[in-house]
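Work through these exercises with the structure open beside you. Try each task before you read its solution.

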Amino acid sequence: MMPGSDRWDASDPWARRRYSRREVLKGAAVAGTGLSLAAVLAACGGQGTGTQTPSISLSPGFTTARPKKGGSLVYARRAATETLDPLQNRTGNGDIFAAELVYTALVRPDPKGSSDLVPGLADRWTVSPDGKAYTFHIRDNARFSNGDRVTAEDVQFSLDRFGDPKLNAIYGVLAVGYEGTEIVDESTVVVHLTQPVSAFLYNISILPAFIVPKRLVEQQGEKFFDRPVGTGPFVVTEWLSGSSITFGRNPYYWESGKPYLDEVRYEFITDDNARMLALQSGRAQAVDGVPFSQIESLKNDSSVYLQFTEVPYFQGLWLNNEKPEFADLNVRKALQYAIDKQTINDTVYAGVGTIPNSVLPHLRYDAPPSEVPPYPFDLSKAKQLMAESSFPNGFDTTLQYPAGFGYYRQLVLILQAQWKEIGINVRLIEQDQGTTSQRFYQLDYDMTFPYAQFTSDVVVPDEYIAFVADPKSGTNGFFSGWHDPAIWSMVQEFLGADEGTRKVLWPKIQKAMMEQTPFINIMNLPFVQAYSSNVRNPYINALGANRLEDTWLA
Amino acid sequence: MAVYVGRRIVAAIPVVLGLSVLAFLIIHLVPGDPVQQMLGAHATPKTVAEVSHRLGLDRPLLAQYLRFVSDAFRGDFGRSITMNQPVTTLIGQRAVATFWLLGYGVVVALLVSVPLALWSAVRRDRIEDQLIRLFTTAAFGMPTFWLGLVLALLFGLRLRWLPVGGYTSAFPELLRSLTLPAVTLGLSLTAILIRTLRSSLLETLSSEYVEAARARGLPERRIVLRYGLRNSLGAMVTVVAVNLGFLIGGTVVIETVFQIPGLGSLLVESTLRRDYTLVTALTFISGTAVVFMSLAADLVYAMLDPRVRLG
């Protein structure tokens with residue numbers, strides 16, 4: 001952000017945003033509806049990396065036709081919802097995506113999928129010239145689902161919860177620099193920071209900074225979150241632990257006319273096959289987490305369509321830099337060159353992945369592959385690097401990965417075979433998710449896939465790069481044991497810089513990280529959703545959340 | 001009889017105690033930490049230590065175990081670490097679906113097994129018997145997660161007779177939603193039931209008193225049902241009770257495949273999240289249930305057959 005000059009106004013929220021590929025394609029689709037999914041996929045594969053705006057590929061369900069009100073949508077989801085307390089998170093996206101329907105933050109990620117922020121409960125805001133004070137104006141029609149007005153007190157209460165490390169144990173890192181919130185009048189607050197935090201607006205655009213009503217939370221305590229009163233498009237009407245959660249329309253939702261659906265029900269279906277069955281049998285109209293192995297068969301099913309959303313989701317392979325093998329830069333680079341990522345994309349991910357040009361997931365400010373190229377598949381280069389390393393005769397090592405995800409076994413077998421070519425003998429260790437991530441936190445691994453799904457909470461790089469590069473973060477190089485003072489000083493400058501400078505600085509950090517490759521990004525992956533053919537406009541934001549406020553049934 | 005009952009109950013006590021140790025240790029000894037699972041990669045070691053302390057997870061294992069046993073003795077299993085609710089409440093919510101599934105599954109198993117076993121015994125070594133034995137071998141070999149999906153594919157997706165999954169707690173929709181899971185569970189038990197009942201029937205039908213009955217000209221149907229089936233029922237009671245553990249194990253898979261909010265799926269979820277209190281309670285309670293069911297089966301068997309309690 002440009003301190004002092006940055007001003008957002010609800011009357012012109014789109015003025016500053018770049019047009020994403022999807023927006024352009026939308027026009028094309030309106031002109032001729034014959035656009036086939038295959039064409040969309042081709043476009044997706046070709047342009048994925050490098051666009052600064054994560055965007056979804058166009059699917060037949062997107063239209064500018066007049067929405068029809070009413071109807072009920074059943075959404076089969078992989079992860080269950082277990083808490084709607086924005087500061088708790090038990091099931092990752094299972095909790096996050098339900099909270100997205102119920103609450104709103106002051107600002108929010110563009111619901112249509114770009115990496116920009118758009119107004120939420122605040123219709124406008126200004127930033128002080130020193131970048132340490134943000135003044136927010138709460139929109140006049142901001143009401144909770146019980147009809148109460150959203151007041152400055154509610155905002156102060158919610159942000160103080162966000163800023164309290166005791167209450168906000170999980171996302172405390174996002175509250176970096178938060179000092180306090182000052183009430184100016186009924187609908188204006190000033191948030192004070194101890195230092196300029198460039199990502200501040202992004203940090204308060206998600207889960208832990210959702211606005212809750214002060215009076216009710218104080219009265220009801222934890223019980224409040226069983227039937228929360230929020231400002232999102234929907235309200236919880238029924239919640240069966242471990243089975244489903246049902247939402248009804250929030251009559252006081254601030255975006256007039258929305259949402260269009262009368263009812264949304266999330267059914268929690270962990271098993272991949274069972275979840276797909278729910279869609280194909282018509283029991284559900286939407287489904288998330290489509291397994292890569294089923295993409296081909298769903299493409300041939302005319303009663304459903306697929307949606308690929310570019311989100312900061314990647315197949316992160318972690319290397320333990322405290323082991324002599326992986327402390328050797330030549331070895332780390334040899335590992336990169338020896339991976340045939342194209343083959344992996346085709347065989348494991350049904351071709352929907354994108355070959356990464358960063359060791360982190362695809363994030364805002366990423367330079368295109370023409371500027372920061374991906375590691376090409378080059379066996380002779382890999383062999384040469386191994387010869388120059390301290391392990392010219394190769395070595396034996398292990399690779400841990402989480403059980404229960406079909407594609408992992410394919411992936412690790414391919415990697416094992418490819419690395420054998422350069423003399424690295426990998427023993428595979430399959431163990432459940434809990435064990436894998438625990439050993440990751442303790443640096444008890446050689447190489448590991450610490451999580452089945454690895455995503456960033458925000459679309460800007462600040463969160464991840466601080467984890468990795470900040471020597472004081474307590475996460476030991478994001479549990480890789482890697483440290484680099486030169487990169488950390490670049491990152492420090494980036495974290496407090498204005499938007500224009502950040503755009504320049506980030507590609508340099510991206511490139512330096514790529515060169516160092518403390519860990520490996522095997523593939524950038526999209527979220528894959530599928531819908532019945534009558535579902536319209538299931539927009540997903542750049543973090544993968546589907547608020548369903550624009551969604552309707554034809 | 002009273003002596004026998006007393007002896008059996010006393011014998012069950014060390015089993016239950018041993019079970020409490022196992023239930024407690026199994027999940028605590030597996031790598032993985034509930035707090036770290038809950039807080040994720042974002043949490044610094046300091047936060048993890050604080051939350052662990054708040055939950056009492058930093059105390060010595062023995063102290064935690066003694067606390068668990070003394071609380072469990074009073075029927076209190078503590079609060080779930082990750083769901084922040086009393087464990088008994090959570091189990092109470094989820095138990096209903098599992099009871100229905102188990103009950104329905106056993107009924108299906110008996111409805112399939114008893115006639116097939118009778119037919120198989122009567123037609124011993126004939127083609128019918130061979131086919132039924134082939135069926136039991138196949139049923140025994142089919143993994144429940146696969147069978148469940150195939151049934152869902154056939155009756156849910158192709159024929160659209162039954163829902164492919166989910167659970168409704170109200171009648172009669174309850175029976176409809178549980179039919180496919182119950183058939184899956186029941187079929188997994190039929191192999192054992194048919195084989196047990198068949199061999200027990202064959203033994204009875206070739207015994208001397210049955211020969212004597214035949215010699216007196218009693219109709220075969222009456223011999224099979226009155227003499228054969230009745231005498232084999234004791235064995236059936238034991239087999240069903242002993243296999244309760246097997247059935248509970250089956251619910252873990254079946255509830256996940258068919259999205260039934262029962263104890264089995266709760267166990268899976270809580271294990272993945274290393275929810276110590278919940279996993280320990282679930283393991284202990286289902287283990288104790290198995291112990292008491294086999295105790296009850298022994299007692300019923302003793303009532304049916306005096307030789308057991310006197311021997």
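**Exercise 1: Strand β14 of chain A and its partners**

Task: Find how strand β14 (residues 395–402) of chain A is joined to strand β15 (residues 424–431) of chain A, then look for a further partner.

Solution. The model is a predicted one.
- Step 1. Count the bridges. Eight of them link β14(A) to β15(A), and the two strands run parallel.
- Step 2. Check one pair. D396(A) has N425(A) as its bridge partner in β15(A).
- Step 3. L399(A) has M447(A) as its bridge partner in β16(A).

**Exercise 2: A helix and its cover**

Task: Which residues of helix α4 of chain A are buried, and what covers them?

Solution. 
- Step 1. Locate the helix. α4(A) covers residues 152–163, 12 residues in total.
- Step 2. Test its span. From first C-alpha to last it reaches 16 Å, close to the 16 Å expected at 1.5 Å a residue.
- Step 3. List the buried residues. They are A152(A), D154(A), V155(A), S158(A), L159(A), R161(A), F162(A) and G163(A).
- Step 4. Recall the geometry. An α-helix has 3.6 residues a turn, so residues three or four places apart point the same way.
- Step 5. Name the cover. It includes β6 (133–138), β7 (178–185), β8 (188–193) and α6 (214–220) of chain A.

**Exercise 3: One leucine in chain B**

Task: Is L111(B) buried or exposed?

Solution. 
- Step 1. L111(B) lies in helix α5 (residues 87–122) of chain B.
- Step 2. Count neighbours. There are 12 other C-beta atoms within 10 Å of L111(B).
- Step 3. Apply the cut-off. A residue is exposed if the count is 12 or fewer. L111(B) is therefore exposed.
- Step 4. Compare positions. L153(B) is 42 residues from L111(B) along the chain, and their C-alpha atoms are separated by 23 Å.

**Exercise 4: Where the chains touch**

Task: Describe the side of chain B that touches chain A.

Solution. 
- Step 1. Count the residues. 39 residues of chain B are in contact with 32 residues of chain A.
- Step 2. Find the largest share. α7(B) gives it, with five residues.
- Step 3. Sort by class. This side of chain B has 19 nonpolar, 15 polar and five charged residues.

Conventions:
Residues are numbered from 1 along each chain as its sequence is written. Chains are lettered from A and ligands numbered from 1 in the order in which they are written. This is a predicted model: local features need pLDDT of at least 70, side-chain atom pairs count only at pLDDT 80 or more; totals for chains, interfaces and linings use all residues. Two strands pair if DSSP finds at least two bridges between them. Helices (H or I, at least four residues) and strands (E, at least two) are DSSP runs, numbered from the N terminus. A residue is buried if 20 or more other C-beta atoms lie within 10 Å of its own, exposed if 12 or fewer, and partly exposed in between; C-beta atoms are placed from the backbone. The expected span of a helix is 1.5 Å times one less than its number of residues. Two residues are in contact if their C-beta atoms, placed from the backbone, lie within 7 Å. Ala, Val, Leu, Ile, Met, Phe, Trp, Tyr, Cys and Pro count as nonpolar, Asp, Glu, Lys and Arg as charged, and the others, Gly among them, as polar.
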